[in-house]
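Hi,

Here is the model I promised to pass on.

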Amino acid sequence: MKDLTNGGEAKLIFHFTVPMLIGNVFQQSYNIVDSVVVGQAIGKSALAAVGASFPILFLLVSLLIG
């Protein structure tokens, strides 16, 4: 484990936030792929349901990550 009490602040903050940023990129990628697949396979109403549930899921994931 990296010691976060020694060294430059900017470098330490960057190393601390990289895993959270990568996790958010994967979460956003999942939502984009989900929207594309649902929109192509099922239709407009299902895509609307995915879009309506996105803010709720994003809030929950953000709370759990943060």
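Let me start with Leu60, which is partly exposed because its relative accessible area is 46%; buried means under 20%, exposed over 50%, and partly exposed in between, with a 1.4 Å probe and protein chains only. Leu60 sits in helix α2 (residues 44–65), and together with Ile56 and Leu57 it makes a nonpolar surface patch of about 290 Å². Patches here are made of residues with over 30% relative accessible area and no salt bridge, joining like charges within 9 Å and nonpolar side chains (Val, Leu, Ile, Met, Phe, Trp, Tyr) within 5 Å. A salt bridge is a side-chain nitrogen of Lys or Arg within 4 Å of a carboxyl oxygen of Asp or Glu.

Before you read on: this is a predicted model, so local features need pLDDT of at least 70 and side-chain atom pairs count only at pLDDT 80 or more, while totals for chains, interfaces and linings use all residues. Residues are numbered from 1 along each chain as its sequence is written, and side-chain values use heavy atoms, with hydrogens and water left out.

Now the overall picture. The protein has two helices and zero strands, taken as DSSP runs numbered from the N terminus (helices H or I, at least four residues; strands E, at least two). Its radius of gyration is 17 Å, whereas a compact globule of 66 residues would be near 11 Å; that value is taken over C-alpha atoms, and the globule rule is 2.2 Å times the number of residues to the power 0.38. Along the principal axes, the C-alpha atoms fill a box of roughly 55 × 20 × 20 Å. Of the 66 residues, 9% count as buried. The protein exposes about 5400 Å², with carbon and sulfur atoms supplying 73% of it (Shrake-Rupley method, 1.4 Å probe; for residues, only the protein chains shown count as cover).

On to helix α1 (residues 9–41). Leu12, Asn31 and Val38 are buried in α1. Phe26, also in α1, counts as exposed because its relative accessibility is 60%.

What about α2? Its 22 residues reach 31 Å from first C-alpha to last, close to the expected 32 Å. α2 bends by about 35 degrees at Phe54, and the proline Pro55 follows within four residues. Lys44 belongs to this helix and is exposed, with a relative accessible area of 78%.

A few C-alpha to C-alpha distances to check on screen:
- Val37 and Leu47 are 10 residues apart in sequence and 9.0 Å apart in space.
- Lys44 and Leu57 are 13 residues apart in sequence and 20 Å apart in space.
- Phe26 and Leu59 are 33 residues apart in sequence and 15 Å apart in space.

Cheers

Terms used: The expected span of a helix is 1.5 Å times one less than its number of residues. The bend at a residue is the angle between axes fitted to the seven residues ending there and the seven starting there.
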